[in-house]
Amino acid sequence: MIAYLIDGPLWYFSLAVFCIGVLWHLARIIFTRGRTDLSVARGSAGGGAIRNVFSRFIPHREIASQIGLPVVAGYMFHLGLFAVLFFAAPHVIFLEENLLGFGWTPMPHWAFIVASQFAFFGLILLWLRRMLTSVGRLISTTDDHVAAILTFVVMLTGCLALLKGFPELRLLHRFTVELLLIYFPFSCLMHTFTFIPSRAFTGAWFGRRGIDA
Amino acid sequence: MVGHFSKQIIYEAVKLSIILLLAVCVTLPEVASANAPRQQKDFPQGVSAVSPGSDLWRDVRQRDLPLQGAVPLQGVTQVQGVESGVLINAQGDRWARFRTENPVRYAPMALLGVISILVLFYAMRGKVGIDGGLSGRMVKRFTDYERIVHWTLAIVFLWLALTGLILLLGRTLLIPLFGHHVFSLLASASKEGHNLIGPIFLVSLVMMVISFARRNIYEKGDLTWLLKGGGFIGKGHVSGGFFNMGEKSWYWMVILIGFAISISGLILVMPSLGQGRVIMAISHVVHVFGAIVLIAVSLGHMYMGSIGTEGSIEAMKSGYVDINWVEAHHDRWAKQVKENNLILSAEDFARLQGRKFDPADTVTEQS
């Protein structure tokens, strides 16, 4: 019964909430009309947008030494998670058989393990920094903690189910994924989709005003 | 004449054959009964005969021979690979027996023993307080980075301890409680979780060395701390620097045993690197005993850093400690702190923590 629920109705429900929620959220951002900028353009908005999207991948030289840990841990976590999510063999097979109808070459098992370790290590460091630094603690919301813990639990249950010998462990992993999918559109996890438009918007505004930032 | 002779030979041959046949018929049941189990109940159901190759395999196994160094008896083969010439590694039996008879038996005793001592100590001594109580005036002890390194190592260590103990003791302790299926599920999950997170412990350990090693080098005065039992035996506090000898010894124990556990763990988790089964067995013993020692001592560390000593947990929570705590436990460091005027007022500390200052929350100073 529980297996049927997790593999069937709850999976489709969570997928629907995720897709509709993300699309609704993005549409709301795109179609929101901001104030028209009446100032004389001093530079290219498009150039500023593109420049800002890429320049923000590297920290500013002035503060690089102070934010070394979150930058390194951030890259470890995000790149590790991306690799595991889209190139781990079980995920590629799952996407091919259940969603897309086509697959791609997965990464070898050792690379999967290393990527998982990077993701785990990065997330632990980032969450501890959030908890242990006074500024990090003050600017963190409940949403930030729930998102971090839920992501960690999803990764952990996935790692526990690696041996594929027990359907209960696979179901536990899938259940936590479904919880994450339902939570995703209403949380800070939306930055997965909004960080590029957000950077582009800010960069365009800077570019038009001639701000070199 | 020749024909008669031939008939005689044939007659004699037939007669001899009949006699032999009769003899075989008479003796065969005896031979069979000699080879058959003497008592059927000595053998498992379905097995009706002693293996005719048992002597051969006994010779191959060489179990009863004395140890030939650490290397099992090797034969000759064209198969290329580590220990491919070893048909049966008899020492594997010794290792399996050792594992069952020693760590599985003594690990729970060691851990329960330490827990009992701590409970007893707490019941007798209670929380070790600070003369004069907490003042609310704080001194920075650890940076954000140092605390992140400490807690990363602590979280990873606790996870590895939990999953490792399930793997080591689960068969004995969990099967009677939850049954075979739940145990096998837990064991499978623990194995994967243990192996995947394990290397992060090694990296955390390296970060720990880089962050803390310099301040943990032994110095003059540390031995006095040891001789006075760290102040826990008898009354009064013992002189200490930034770290006292107990803290330094725990640190080096974590580093040295931690590296031993990590390296032996890597040897175990990557069996195809060319190490033989003997190296694997030795690594397993080092891994298990190192882990048990570290887990047992870590219980003491956790006790001392939290409910055992007043004001200690704040060092790893906020990175700051009360000046009275510093004077009580690390008087030589307290002298440096005062000379360099590094003491924060309670108001400044609250502001740094993003809190509104409330004297009632921080000051417990006794007159």
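This briefing walks through a two-chain structure, topic by topic. The model is predicted. Chain A has eleven helices and zero strands, while chain B has 13 helices and three strands. The largest nonpolar core has 42 residues, and it draws on helices of chain A together with α5 (144–212) of chain B.

**Chain A as a whole**

- Chain A has 213 residues, and 24% of them count as buried.
- Its secondary structure comes to eleven helices and zero strands.
- Read along the sequence, the pattern is α-α-α-α-α-α-α-α-α-α-α.
- The C-alpha trace of chain A spans about 65 × 40 × 35 Å along its principal axes.
- Take the contacts in chain A with a separation of 6 or more: 76% of them are between residues 24 or more positions apart.

**The domains of chain A**

- Domain 1 of chain A gives seven residues to the contact, and domain 2 of chain A gives eight residues.
- On the side of domain 1 of chain A that touches domain 2 of chain A, four residues are nonpolar, two are polar and one is charged.

**Nonpolar cores**

- In soluble globular proteins, nonpolar side chains tend to be buried together.
- Here the largest nonpolar core has 42 residues.
- Within this core, the residues with the most contacts are A:Ala119, A:Phe120 and A:Leu123.
- At least two residues each come from α5 (68–87), α7, α9 and α10 of chain A and from α5 (144–212) of chain B.
- Helix α7(A) gives the most to this core, with 14 residues.
- Domain 1 (67–140) and domain 2 (141–199) of chain A both give residues to this core, so it lies between them.
- A second, separate core has 14 residues, and B:Leu134, B:Met138, B:Val139 and B:Ala328 are among them.

**Where chain A meets chain B**

- The contact takes 23 residues from chain A and 20 residues from chain B.
- On the chain A side, the elements that give two or more residues are α7 (109–132), α8 (134–139), α9 (142–160) and α10 (167–183).
- The largest share of that side comes from α7(A), with ten residues.
- By class, the side of chain A that touches chain B has 15 nonpolar, five polar and three charged residues.

**Chain B as a whole**

- Chain B has 367 residues, and buried residues make up 23% of them.
- Its secondary structure comes to 13 helices and three strands.
- Take the contacts in chain B between residues at least 6 apart in sequence: 69% join residues at least 24 apart.

**A helix pair in chain B**

- Two packed helices are described by the angle between their axes and the distance between the axes.
- Helix α4 (residues 103–125) and helix α8 (residues 277–305) of chain B pack at an angle of about 10°, and their axes are 10 Å apart.
- Angles under 35 degrees count as roughly parallel, so α4(B) and α8(B) are roughly parallel to each other.
- Residues of α4(B) in the contact include B:Ala107, B:Leu111 and B:Val114.
- Residues of α8(B) in the contact include B:Phe289, B:Ile292 and B:Leu299.
- By class, this contact has 14 nonpolar, one polar and no charged residues.

- B:Ala96 is found in helix α3 (residues 91–101) of chain B.
- B:Ala96 counts as exposed because it has 11 C-beta neighbours inside 10 Å, and the cut-off for exposed is 12 or fewer.
- B:Ala96 and B:Glu339 are 243 residues apart in sequence, and their C-alpha atoms are 60 Å apart in space.
- B:Glu83 sits in the loop between α2 (54–61) and α3 of chain B.
- The phi of B:Glu83 is near 55°, a positive value in a residue other than glycine.
- B:Glu83 has 14 C-beta neighbours inside 10 Å, so B:Glu83 counts as partly exposed.
- B:Asn341 lies in the loop between α11 (331–339) and β3 (343–344) of chain B.
- B:Asn341 is not a glycine, yet its phi is positive, at about 55°.
- With 6 other C-beta atoms within 10 Å, B:Asn341 is exposed.

How values were computed. Residues numbered from 1 in each chain as written. Chains lettered and ligands numbered in written order. Predicted model: local features only at pLDDT ≥ 70, side-chain atom pairs only at ≥ 80, totals over all residues. Helix = DSSP H or I, 4+ residues; strand = E, 2+ residues; numbered from the N terminus. Buried ≥ 20, exposed ≤ 12 C-beta atoms within 10 Å, placed from the backbone. Contact = placed C-beta atoms within 7 Å. Nonpolar A, V, L, I, M, F, W, Y, C, P; charged D, E, K, R; others polar. Core = buried A, V, L, I, M, F, W, Y, C linked by C-beta atoms within 7 Å. Domains from an automatic or database assignment. Axes fitted to C-alpha atoms, helices over the stretch in contact; angles between N-to-C directions. Parallel < 35°, antiparallel > 145°, perpendicular 65-115°, else oblique.
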